[in-house]
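I opened this model to look up a few local features. My entries follow, one topic at a time.

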Amino acid sequence: MKERLEAIQKEALEKIQNAKTMETLNEIKVEYLGKKGELTQVLKGMKDVAAEDRPKVGQMVNETRTAIEESLEREMNLLAKAKQEEKLAKEVIDVTLPGTKINTGHKHPNQIALEDLERVFIGMGYEIVEGPEVEYDKYNFELLNIPANHPAKDEQDTFYINKEILLRTQTSPVQARVMETGKMPIRMLAPGRVFRSDEVDATHSPSFHQVEGLVVDKNITFSDLKGTLAQFATEFFGPETKVKFRPHHFPFTEPSAEMDITCFKCGGKGCRMCKGSGWIEILGCGMVHPKVLKACGIDPEEYSGFAFGIGLERVTLLKYEIDDMRLLYENDTRFLKQF
Ligand code: DAH
């Protein structure tokens, strides 16, 4: 019996050693360990073995079985590993190849300028607010001291939804909306899109953006206006920037002014950028008209304020020295990605 088992083991292990495929190994497994396999046959012959020898023979059979099983497993693992390695070698990934390029978008120059501008005013304690683009005539004109038939309405002709509702021509109506809430003091910045019936050219568009500012509190004077806007100019355009106020007229402010800054290109000497004058007009501003305060429910005896309106595109064009506003709207990425 012992010899038989040894012969079986030797033969099996040899076959296993020589096997080249998984299939062969599986066949060997069936051949020796299967139901009709050699070892099973031996076990069936146990009944002929003397009772006292059975445990010993049983142990020998088990040892043979274990030896064959272990050898099979080792060989199967080796084969599987080889197969995997072959597969990996075939499917090499060259990690040095350039990846698929994903075109990420980026901020529009208008948006970059707006965020810079907002940062300056947020630093001074301003809150950013928004108002509707489709606005009531009441907020866009009436409450801002521009009554029906006022010539300013002509200048700011726009798209009317009906007699009372229009596309706002300025961000100033947001002033009225915030004042109306009655929460004092006010320190707000309202950026947004505005509309006018304008022909498109290098400096005009029927739709553009403004940034409105408003401060209302006790004892606000023109000095506050000047100090605030001068601070804005130096922070936004550079520390050398000087400002100049020219008298102007806006229905909703009194007195009103336009603010110029020294040309940041030539420093005030005069160049192409400032058309030789050394100054660049940057915004409209003024002390909030008492009539406007009153119309919005604020007592002009107790409170005063200043306001300003900045043309966002104008500031963007200046900041990036772009000479045609249309470039900002054409969405040509070759142009836009420069900023
Ligand atoms: N709303 C004015 C415009 O569109 C700009 C402006 C001027 C706004 C003076 C103001 C201001 O708040 O005080 O032309």
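**Entry 1: isoleucine 280**

I listed the contacts of isoleucine 280, leaving aside its neighbours within four places in sequence: Met259, Asp260, Ile261, Cys263, Phe264, Met273, Cys274, Arg314 and Leu318. Contact here means heavy atoms within 4.5 Å. The model is predicted, so I kept its limits in mind: local features need pLDDT of at least 70, side-chain atom pairs count only at pLDDT 80 or more, and totals for chains, interfaces and linings use all residues. Residues are numbered from 1 along each chain as its sequence is written, and side-chain values use heavy atoms, with hydrogens and water left out.

I placed isoleucine 280 in strand β8. Strands (E, at least two residues) and helices (H or I, at least four) are DSSP runs, numbered from the N terminus. Is isoleucine 280 buried or exposed? Isoleucine 280 is buried, at 4% relative accessible area. I used these classes: buried is under 20% relative accessible area, exposed is over 50%, and partly exposed is in between, with a 1.4 Å probe and protein chains only. I also checked leucine 318, which is 38 residues away along the chain from isoleucine 280; their C-alpha atoms are 9.1 Å apart.

**Entry 2: the ligand**

Which residues come nearest to the ligand? I found Gln170, Gln175, Arg196, Gln210 and Glu212, out of 15 residues around the ligand. A residue counts as near if one of its heavy atoms lies within 4 Å.

I then looked at side-chain N or O atoms facing ligand oxygens. For glutamine 175 the distance is 2.9 Å. For glutamine 210 it is 2.8 Å. For glutamate 212 it is 2.6 Å. The ligand has 360 Å² of accessible area on its own, and the protein covers 91% of that. These areas come from the Shrake-Rupley method with a 1.4 Å probe; for residues, only the protein chains shown count as cover. Elements that give two or more residues to the shell around the ligand are β5 (207–217), β8 (279–288) and β9 (304–311).

**Entry 3: threonine 169**

I found threonine 169 in the loop between β3 (165–167) and α8. Threonine 169 is buried, with 0% relative accessible area. Its side chain makes a polar contact of 3.0 Å with the side chain of asparagine 140. A polar contact is a pair of N or O atoms within 3.5 Å; within protein, one must be able to donate a hydrogen and the other to accept it, and residues adjacent in sequence count only if both atoms are side-chain atoms. Not counting residues up to four places away in sequence, threonine 169 touches several residues, among them Phe141, Thr158, Arg196 and Gln210.

**Entry 4: helix α9**

I took helix α9, residues 222–237, next. It has 16 residues and reaches 22 Å from first C-alpha to last, close to the 22 Å expected at 1.5 Å a residue. The expected span is 1.5 Å times one less than the number of residues. Which residues of α9 are buried? They are Leu225, Thr228, Leu229, Phe232, Ala233, Phe236 and Phe237. Seen down the axis, the buried residues of α9 fall within an arc of 135 degrees, so they line one face of the helix. The arc is that of the directions from the helix axis to the C-beta atoms. Their cover includes α5 (109–123), β6 (243–250), β7 (253–262), β8, β9 and α11 (312–320). Glycine 238 follows α9 and has a positive phi, near 125 degrees.

**Entry 5: helix α2**

In α2 (residues 22–33), I noted Leu25, Ile28, Tyr32 and Leu33 as buried. They cover an arc of only 90 degrees around the axis, which puts them on the same side of α2. They pack against α1 (2–18), α3 (38–44) and α4 (54–90). Exposed Glu23, Glu27 and Val30 sit on the face of α2 turned away from its buried side.

**Entry 6: backbone exceptions**

Most residues other than glycine have a negative phi, and most peptide bonds are trans. I noted the exceptions.

- Methionine 184 and proline 185 are joined by a cis peptide bond, omega about -10 degrees. Proline 185 lies in the loop between α8 (173–180) and β4 (186–195).
- Glutamate 254 and proline 255 are also joined by a cis peptide bond, omega about -5 degrees. Proline 255 is in strand β7.
- Asparagine 145 has a positive phi, near 65 degrees. I found it in the loop between α6 (137–140) and α7 (151–155).
- Glutamate 321 has a positive phi, near 50 degrees. Glutamate 321 is partly exposed, at 42% relative accessibility.
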